[in-house]
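Keep the sequence and the 3D view open as you read.

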Amino acid sequence: MAEVHTVYVPRDTTACSLGAEAIAQQLGRHLAMHSPDCRLVRNGSRGAFWLEPLLEVETEQGRLAYGPVTPEQLPDLLAAGLLAGTTEHPLYLGPVDDIPWLRRQQRLTFARAGVTDPLSIEDYRTHGGFVGLKKALSMTPQALVDEVKASGLRGRGGAAFPAGIKWQTVLDAPADNPGNPQSGRKFIVCNADEGDSGTFADRLVMEADPYMLIEGMIIAGLAVGADYGFIYLRSEYPLAHQVLQEAITRAEQAGWLGADMQGSGRDFQLEVRLGAGAYICGEETSLLDSLEGKRGMVRAKPPLPALKGAFGQPTVVNNVLTLAAVPWIIDQGGQAYANHGQGRSLGTMPFQLAGNIERGGLVELAFGPTLRELVEDFGGGTRSGRPMQAIQVGGPLGAYLPAAQWDTSLDYEAFAEAGAVLGHGGVVVFDDTVDMAQQARFAMEFCMVESCGKCTPCRIGSVRGVEVIDRIIADDNRAAQLDLLAELCDTMEFGSLCAMGGMTPNPVRSAVEHFPDAFGVTPESSAGAA
Amino acid sequence: MTEPTSGAPSAAGSGHDRLRATIGHLVDTYRARPGPLLPILHGVQHSEGHIPDAAIGLIAEALTLTRAEVHGVVSFYPDFHTTPGGQHRLQICRAEACQAQDGRALEQAARDLLQVDWHQTTADGRFTLEPVYCLGNCATGPSVRLDDTVHGRVSAASLQALIERAQHEPVNIQGLLAVSREVDHG
Ligand SMILES: Cc1cc2nc3c(=O)[nH]c(=O)nc-3n(C[C@H](O)[C@H](O)[C@H](O)COP(=O)(O)O)c2cc1C
Ligand code: SF4
Ligand code: FES
């Protein structure tokens, strides 16, 4: 077999967390000595995290995959002929495009992830990058907003608000604001705070295909008349930070950002702002306060951020995935996007399989399959090999779903009907060894730690919640404490300004309702309480 | 709070000049941008390892804020510390996807190995232990972050190895990656 000319070693956080960096260094030394004509490309990651570190070599048969490769296994793999595209090694997985887990996905947003060198503008353009922006530069703002409306795209950050309607509000909002130093301006703010446990899709966009996010933000700017964008990035993502900074610099140098983009006469500047470890700063009004250099306190709405957002000016706040979907939509048309999905849940959703899962990672699918199909067909059940007990969908504020609810269809409406949320698409699997009372306790504890402190039901209720659950676990006046917990949940739900306090009852109530054994509730005792 | 009385006036004096220069530089870099406070605080935290009390006054002065305002912001965010931490920062993910992978046992192992509780620094000044709520590495947990490097599928044994290695290594503040190696095109 012929020597290969390109070998790929992923550089995303997960691949690196499992040794990809050491592999790249070893391989780099090997290539320098033995195969000086072979290129080492640090691609992003395809999001098949269960196969990371996933090495690929470019051959006449396409890209061949090997994984998961540990640094310790690399010498053996090299000896077996990695650089000649060996098909004989136990780590050989076949052509990467034939891996069923990847082939069966519907990748619109993540089509380039893992394929390209995330920082190469040339790669980006070769794979369809900046086509949407080129088109957008010749469209009117209203035409752009209309295209996004036609796509049916809803916010992927959690609340699922229609993106086109938000953009219309900002487009129509007057920006004159006498006395405000920012008067006349509108802003695009990308919410890259991705605080939900079990989610990493935003991170993968930023680490594997950052120009797509940049392109989406520029188009948003063209659509609403904003010339400045912020990416509010959580500080827990040092690698994404590094990649974004470098991508922005390169995009500026290549004339895709800054003044007079591509000779169009239009300007767009972009800046990354780091958060500082507060989960609540993912809530959009808290985020805006943080961006302004204040404590991240939640603001009462109205005024809507669309009208009075960053620095008092009209602002689009959208999640990374929302903005990342835009280049495809403008390139292929809103209708093409809306042809995926069902009902009012249109397009694709990047689901994230996490927790105790055999084949975890990013699964982008049109809305519609059931949760069970996702965790069984793609996820392959638990990594521990034990039965699944509960699945938490939609982050720390999402409900714990028991087996009876796993046939729920993955769309916004079906989940709402089941008393659950899709949120940002995180799917965390727990096996039967997990103590669900501890999970309920943690939900309260998390709220206690992360509450912004503005409203009492959230700030104090969560502290009480932890205490009450501890007493339930200790069987200290259990029946009365369970009633108290139910009341506390009601108070938090109805008396909180934002979903932090308002939705913490979701995981708590669902744990109590569906896993009563964990709380020491027997059929007889619950008959009394009801 | 009482004003800190410095034990070593001369050292504090030169340290103060250096701090003043650092902050002056940060303020110059960010002042023209809207909302410069967080980037400046990140800059101080990065260069000093914490936000010294003296920095709060200097920043307040430069941005025409009150000390209370700056202090209020510093105290709101878990990333900002007003006292020096250890040489290395070890964060253990406490969030749900890592819990599902036996993360609670790892939390306990970390406390046992370092003999400290959350937010504390080891007696030798090497490590500060912190909880973190998700590192975005949730498909391959449990996860920890040592300085700027994230590690996945961490066991008590591999955590111990990680700690021992860090003990003998120079402080890693970089955590940067080798980028693609372009053979033909330089
Ligand atoms: C407690 C809390 C945390 C949130 N965290 C995030 C987050 O990390 N990322 C995000 O995009 N949206 C988050 N949101 C939702 C935002 O408030 C907002 O709806 C979103 O940024 C709007 O963008 P989208 O319409 O594109 O989803 C959070 C909301 C709440 C109440
Ligand atoms: S519910 Fe909690 S986090 Fe939300 S505004 Fe109230 S106190 Fe802040
Ligand atoms: S929950 Fe631990 S890395 Fe996400």
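**Loops, ligand and domains**

In this predicted model, A:P302 sits in the loop of chain A between α12 (284–291) and β9 (315–319).

Q: Which residue is joined to A:P302 by a cis peptide bond?
A: Look at the loop between α12 (284–291) and β9 (315–319) of chain A, the place of A:P302. The peptide bond that reaches A:P302 is cis, with omega near -5°. It comes from A:K301.

Q: Where in chain A is A:P68 found?
A: A cis peptide bond joins A:P68 to A:G67, with omega about -10°. A:P68 is found in the loop between β4 (62–66) and α3 (74–79).

Q: Is A:A160 buried or exposed?
A: A:A160 lies in the loop between α7 (141–151) and α8 (163–172) of chain A. It is not a glycine, although its phi is positive, about 60°. Buried means under 20% relative accessible area. A:A160 has 8% relative accessibility, so it counts as buried.

Q: In which loop does B:D147 lie?
A: B:D147 has a positive phi of about 55° and is not a glycine. At 12% relative accessibility, B:D147 counts as buried. Its loop in chain B runs between β3 (144–146) and β4 (149–151).

Q: Which class has eight residues in the shell around ligand 2?
A: Ligand 2 is surrounded by 13 residues. The closest are A:C452, A:K454, A:C455, A:C458 and A:C498. The space that ligand 2 takes is the largest cavity. By class, its shell has one charged residue, four polar and eight nonpolar.

Q: What is the relative accessible area of B:C98?
A: B:C98 is found in helix α5 (residues 96–99) of chain B. The cut-off for buried is under 20%. B:C98 is buried, and its relative accessible area is 3%.

Q: What distance separates the centres of domain 1 and domain 2 of chain B?
A: Chain B is divided into domain 1 (11–76) and domain 2 (88–166). The centres of domain 1 and domain 2 of chain B are taken over C-alpha atoms. They are separated by 30 Å.

Technical notes:
Residues are numbered from 1 along each chain as its sequence is written. Chains are lettered from A and ligands numbered from 1 in the order in which they are written. This is a predicted model: local features need pLDDT of at least 70, side-chain atom pairs count only at pLDDT 80 or more; totals for chains, interfaces and linings use all residues. Side-chain values use heavy atoms; hydrogens and water are left out. A residue is near a molecule or strand if one of its heavy atoms lies within 4 Å of it. On a 1 Å grid over the protein atoms alone, a cavity is a set of points where a 1.4 Å probe fits but cannot get out, and a pocket is an open set with protein on both sides within 12 Å along at least five of seven lines; lining residues have an atom within 4 Å of a point. A molecule sits in a cavity or pocket if more than half of its atoms lie within 2 Å of its grid points. Ala, Val, Leu, Ile, Met, Phe, Trp, Tyr, Cys and Pro count as nonpolar, Asp, Glu, Lys and Arg as charged, and the others, Gly among them, as polar. Domain bounds come from an automatic or database domain assignment. Helices (H or I, at least four residues) and strands (E, at least two) are DSSP runs, numbered from the N terminus. Buried means under 20% relative accessible area, exposed over 50%, partly exposed in between (1.4 Å probe, protein chains only).
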